[in-house]
Structure formats: C-alpha cells, structure tokens
Amino acid sequence: MSGAQQSIASARERAFDILEHGRRRDLTSRILDWILVGLIIANVTGTLAQTLPEVEQTYGDELQLLDRICVLVFAIEYVARLWVAPEHPLLHSLSPTRARLRFAATPMMVIDALAFVPFVLELMFPGVAAVRLTRLVRFLKLARYSPALATIGRVVALERRALLACVIILGGVMMAAAAAMHVVEGHIQPDRLGDMSKSMWWSAAMLAKIGGVELEPMTATGRIIAAITVMLGIFCFALPVAIIGRGFYEEIRRRDFVVTFAMVAHVPLFAHLDAAAISDLVGILKARTIPAGTVIIRKGEPGDSMYLIASGAVQVDTADGKVRLNEGDFFGEVALLTRERRTATVTTIRSTDVLILDCDDFHRFIDRNPQVGKQVRAVAQERKNGPVDRTG
Ligand code: CMP
C-alpha cells in the first residue's frame with residue numbers, strides 16, 4: 001500500500017470511529033452528534049414555524065436558507081457514512097462497493113436517504129406549502145441518537161410473546177363483547193348493533209375509549225355487558241403497558257449504556273468471531289460505567305462475572321506487583337475458569353466502561369465458541385504463572 005493509500009485508509013478508520021463507532025468517550029464524535037442533533041431540531045422547528053404566516057413573512061428567507069444549509073450538511077453526512085461503511089466489522093469481508101450498498105439498505109441509512117426527498121419535492125413543486133411539511137420526516141433522523149429508543153425496540157422484541165398474548169386477549173375480548181351485545185341488543189338498536197361489523201366497532205370503541213361511547217345500552221343485560229367490557233378494556237390496555245414498563249426498567253438497570261455491535265467487535269478477544277456470535281454477545285453482555293478508584297473485584301471473594309474494558313483502564317494488584325489493563329483487555333476470567341476465589345484485586349484507574357459477562361453466560365459462550373475459550377484459558381494460565389504484563 002502506498003503512503004497516500006495508507007493515509008486515506010487511516011483517515012477512513014478515524015472517520016468511522018467518529019461517525020459510526022459510538023465510542024462514548026470520543027469528544028469529536030460527541031460534538032459531531034450534538035451538531036447534527038441541533039440541525040435536525042432546528043430544521044424541524046423552522047418548518048413548523050414557517051406555517052405561521054407572520055413568521056413566514058418576517059423570517060421566510062432566513063428559514064429557507066437554514067433549510068438549505070441543513071440539507072447540505074445532511075448530504076455531506078450521508079456521503080461520509082457511505083464512505084466509511086467498509087470499516088464496519090459486519091461488512092469487512094465484502095468489497096467496498098458491496099459494503100456501501102449493504103450499508104445503504106440499513107434502516108438508519110434509509111431514513112437518512114428519505115430526509116432528502118422533501119428537498120427534491122420542493123424543487124419539483126416550488127412554493128407549495130404542503131410539500132414543505134414533508135421536511136418533518138427528518139425528525140426520524142433523531143432515532144440514531146436515542147439509546148432509549150433502541151432500548152424500547154429491544155424490549156418489544158424481547159417481550160414479543162407476552163405482547164402477542166395481549167393482542168390475542170384483546171381480540172378475544174373485543175369479539176366476545178361484540179357478539180354478546182349483538183345478541184342482546186341487535187334487534188333493539190339495529191342501526192348500531194344490527195350486525196357483527198357494527199357491534200365490533202362498538203366493542204372496539206368501548207375498549208379503547210374506556211366507556212366513553214355515545215351508544216347507551218337499552219337493557220339491563222346490555223348495561224352489564226357494557227360494564228364488563230369497560231373493566232376488561234382497562235385490563236387489556238394496562239397489561240402491555242406494564243409488560244413494556246417492566247422490561248424497560250430491567251433493560252435500563254442492566255445497562256448504563258447501549259452495547260453496540262461495533263463496540264463488541266472492537267474487543268480483540270472477539271475480533272475474529274462471526275456476525276452471529278457477536279450479535280449473541282450484544283444480547284447477553286451488560287454494560288456499566290464505573291467511576292475512578294472503585295474496587296471492581298476483591299481478592300478472595302467468589303467470582304460471578306468476567307469483565308471486558310470498553311474504555312478506560314484498571315489496575316490489578318497481584319502478589320508480584322501492579323499490572324495495568326487498558327481498553328480491549330479483559331479480567332475476572334480466572335475465578336470463572338477455576339471456579340475458585342478471585343486471585344487479585346482490580347480497581348479502576350479512571351472512569352471506565354466495562355462489558356460484563358455473567359458466569360453462566362461465559363461458560364455457555366465458550367462452549368459454543370471453543371477458540372475464545374482457548375484464548376481466555378491461555379491468558380489466565382499466563383496470569384496465574386507469574387507477573388505478566390500481557391493483555392487479552
Ligand atoms: P480473577 O482471579 O477472577 O479476578 C482477579 C483478576 O485479575 C483475575 O481473574 C485476572 O483476570 C486478573 N489478573 C490476575 N493476575 C493478573 C496478572 N498477573 N496480570 C493481569 N491480570 C491479572
């Protein structure tokens with residue numbers, strides 16, 4: 001590789017770190033994120049403000065200029081993301097062009113591409129106020145910067161069976177209430193309950209509006225059915241809210257920050273794993289930010305987890321001296337492998353992001369990925385054998 005090619009390659013690597021890697025402690029990456037978030041919010045707010053005639057009259061030109069600046073920045077951002085795509089660990093094996101095409105089809109890149117549609121529409125239909133409102137689609141770009149949104153997505157995916165059960169219960173209740181009301185009052189109020197489609201509409205409205213429906217039941221039995229439907233409506237809607245609420249709380253408790261695919265692939269121990277194994281890890285690793293000077297592991301205590309340093313550094317106090325472990329290293333593996341007590345005390349030197357693998361998950365994972373097990377065992381052996389300043 002020539003000197004020029006090499007510097008382009010390292011610039012692309014750095015640009016990937018800034019744009020896509022999501023390393024939490026990279027200041028440039030955070031500043032860029034904030035600038036982009038600011039522009040998205042400014043663009044959407046400006047679009048909303050332009051619907052007020054007095055704002056449009058006074059600041060119309062300035063807001064139009066702001067929109068053009070946003071479009072330009074978003075275009076540069078889009079091209080830059082495509083340029084760095086071959087650096088993505090999932091796409092390493094593909095040619096740069098195929099990697100970029102594959103990357104362009106990811107949901108966030110599709111949203112980024114959609115953000116240009118309003119610009120094209122405005123060129124095609126200049127001066128049409130309704131077309132301008134399509135710019136609001138750019139609001140979706142914020143999804144990239146919301147770890148909580150990713151968490152909700154994960155919770156919904158994790159709780160899909162329970163949520164599906166809720167949908168089935170809701171459908172069953174709706175049909176039962178509609179059928180009962182149709183039988184009891186269908187002949188009394190044929191225009192509202194005369195067939196199942198009308199009754200279903202009544203029961204859906206009754207469940208969703210929790211009773212706030214104009215249709216009054218005419219009979220005592222009808223009123224009882226309506227009352228039961230209202231009660232069941234509360235239950236049917238409270239259930240999924242509770243399921244998602246609990247799942248969200250557990251996820252937040254489990255993770256101080258979102259574990260991303262790139263973050264896991266960046267750990268040298270996992271660098272050679274395939275995409276499926278890394279996705280597995282993303283699901284089972286917990287994440288914690290631990291302040292400087294905190295003892296994570298105390299010598300002699302039982303061991304229940306292994307730790308990987310996503311960023312930061314720790315100090316290991318061994319019988320033979322102090323050893324520093326940095327980003328990408330792991331520790332706490334010895335006690336898990338030997339099923340004995342911790343062999344050293346480990347303390348954070350500065351605020352450190354760690355990925356945590358529970359004992360059971362650790363053993364299950366190395367059973368499925370023996371080469372990782374072999375590597376961990378080799379490092380543990382070296383560490384047990386003496387003062388080794390070697391890392392994972
Ligand atoms: P464990 O015994 O579970 O808990 C303490 C950890 O410190 C241990 O696992 C190793 O991961 C780590 N450790 C122990 N000795 C050394 C060493 N000499 N060099 C680096 N790390 C060590």
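Colleague: In what order do the four strands of the open sheet stand?
Modeller: A strand here is a DSSP run of type E with at least two residues, numbered from the N terminus. Two strands pair if DSSP finds at least two bridges between them. The pairing in this open sheet is antiparallel, and the order of its four strands is S2-S7-S4-S5.

Colleague: Which are the edge strands of that sheet?
Modeller: An edge strand of this sheet pairs on one side only. That applies to two strands, S2 (295-297) and S5 (321-326).

Colleague: What kind of model is this?
Modeller: Residues are numbered from 1 along each chain as its sequence is written, and side-chain values use heavy atoms, with hydrogens and water left out. Local features need pLDDT of at least 70, side-chain atom pairs count only at pLDDT 80 or more, and totals for chains, interfaces and linings use all residues; this is a predicted model.

Colleague: How many bridges join S4 to S7?
Modeller: S7 covers residues 345-348 and is joined to S2 by two bridges, the two strands running antiparallel. S4 and S7 also run antiparallel, and the number of bridges that join them is four.

Colleague: Are the S7 residues Thr345, Val346, Thr347 and Thr348 buried or exposed?
Modeller: In a regular strand the side chains alternate between the two faces of the sheet. In S7, Thr345 and Thr347 point one way, and Val346 and Thr348 point the other way. Buried means under 20% relative accessible area, exposed over 50%, and partly exposed in between, with a 1.4 Å probe and protein chains only. On that scale all four residues are buried.

Colleague: Why does Thr352 count as buried?
Modeller: Thr352 lies in strand S8, residues 352-358. It counts as buried because its relative accessibility is 0%.

Colleague: At what distance does the side chain of Thr352 reach the backbone oxygen of Arg350?
Modeller: A polar contact is a pair of N or O atoms within 3.5 Å; within protein, one must be able to donate a hydrogen and the other to accept it, and residues adjacent in sequence count only if both atoms are side-chain atoms. The side chain of Thr352 reaches the backbone oxygen of Arg350 at 2.6 Å.

Colleague: How much of the ligand's area does the protein bury?
Modeller: An oxygen atom of the ligand lies 2.8 Å from a polar backbone atom of Gly332. Side chains take part too: an N or O atom of Arg342 is 2.7 Å from a ligand oxygen, and a polar atom of Arg383 is 3.2 Å from one. By the Shrake-Rupley method with a 1.4 Å probe, the ligand taken alone exposes 460 Å², and the protein buries 98%.
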